[in-house]
Amino acid sequence: MDKQIEYSKLARYTVQKGDSEFSVAEQFKVSVGALRLVNSRSAGNYLKPGRKIYLPVEK
């Protein structure tokens, strides 16, 4: 059974040149799946430099 993660808030982050889903997830200690979920996206096409994304912050 999968554990559902709940988030108490979201932080904003501006994508930097060279960022990848994995590097952002690792830097902020979240999963790639959680990044995709809170940004309503699939596979890294939304990570363009200058774009603002949300980062989930665990409860």
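Buried residues account for 25% of the 59 residues in the protein chain. Keep in mind that this is a predicted model.

Student: What pattern does the protein chain follow along the sequence?
Tutor: It reads β-α-α-β, with two helices and two strands in the chain.

Student: What makes Y13 count as buried?
Tutor: Its relative accessible area is 13%. Buried means under 20%, so Y13 qualifies.

Student: And why is F28 called partly exposed?
Tutor: F28 has 33% relative accessibility. The partly exposed class runs between the buried cut-off of 20% and the exposed cut-off of 50%, so F28 falls into that class.

Student: How do you know that Y13 and F28 form an aromatic pair?
Tutor: Their rings sit 5.2 Å apart, centre to centre. The limit for a pair is 6.5 Å, so they count as one. The structure holds one aromatic pair, and this is it.

Student: Why is the pair called edge-to-face?
Tutor: Look at the angle: there are 65° between the planes.

Student: What does the pair tie together?
Tutor: Y13 lies in strand β1 (residues 7-14) and F28 in helix α1, so the pair links parts that are 15 residues apart in sequence.

Student: Which residues make up the largest nonpolar core?
Tutor: There are 10 of them: Y13, V15, V24, A25, V30, L35, Y46, L47, I53 and L55. Both α1 (21-28) and β2 (52-58) supply at least two residues of this core.

Student: What makes that set a nonpolar core?
Tutor: A core needs buried residues of the listed kinds, Tyr, Val, Ala, Leu and Ile among them, joined through side-chain atoms within 4.5 Å. In soluble globular proteins, nonpolar side chains tend to be buried together.

Student: Which residues does V30 contact, leaving aside neighbours within four places in sequence?
Tutor: A25, L35 and P56.

Student: Where is N39, and is it buried or exposed?
Tutor: N39 is in the loop between α2 (32-38) and β2. Its relative accessible area is 11%, and the buried cut-off is under 20%, so N39 is buried.

Student: What does the side chain of N39 reach?
Tutor: The backbone oxygen of L35, at 2.8 Å. N39 also touches Y46, I53 and Y54, not counting residues up to four places away in sequence.

Notes:
Residues numbered from 1 in each chain as written. Predicted model: local features only at pLDDT ≥ 70, side-chain atom pairs only at ≥ 80, totals over all residues. Heavy atoms only, no water. Buried < 20%, exposed > 50% of the residue type's maximum accessible area, 1.4 Å probe, protein only. Helix = DSSP H or I, 4+ residues; strand = E, 2+ residues; numbered from the N terminus. Contact = heavy atoms within 4.5 Å. Polar contact = N/O pair within 3.5 Å; in protein donor to acceptor, adjacent residues only side chain to side chain. Phe/Tyr/Trp six-rings, centres within 6.5 Å; stacked < 30°, edge-to-face > 60°.
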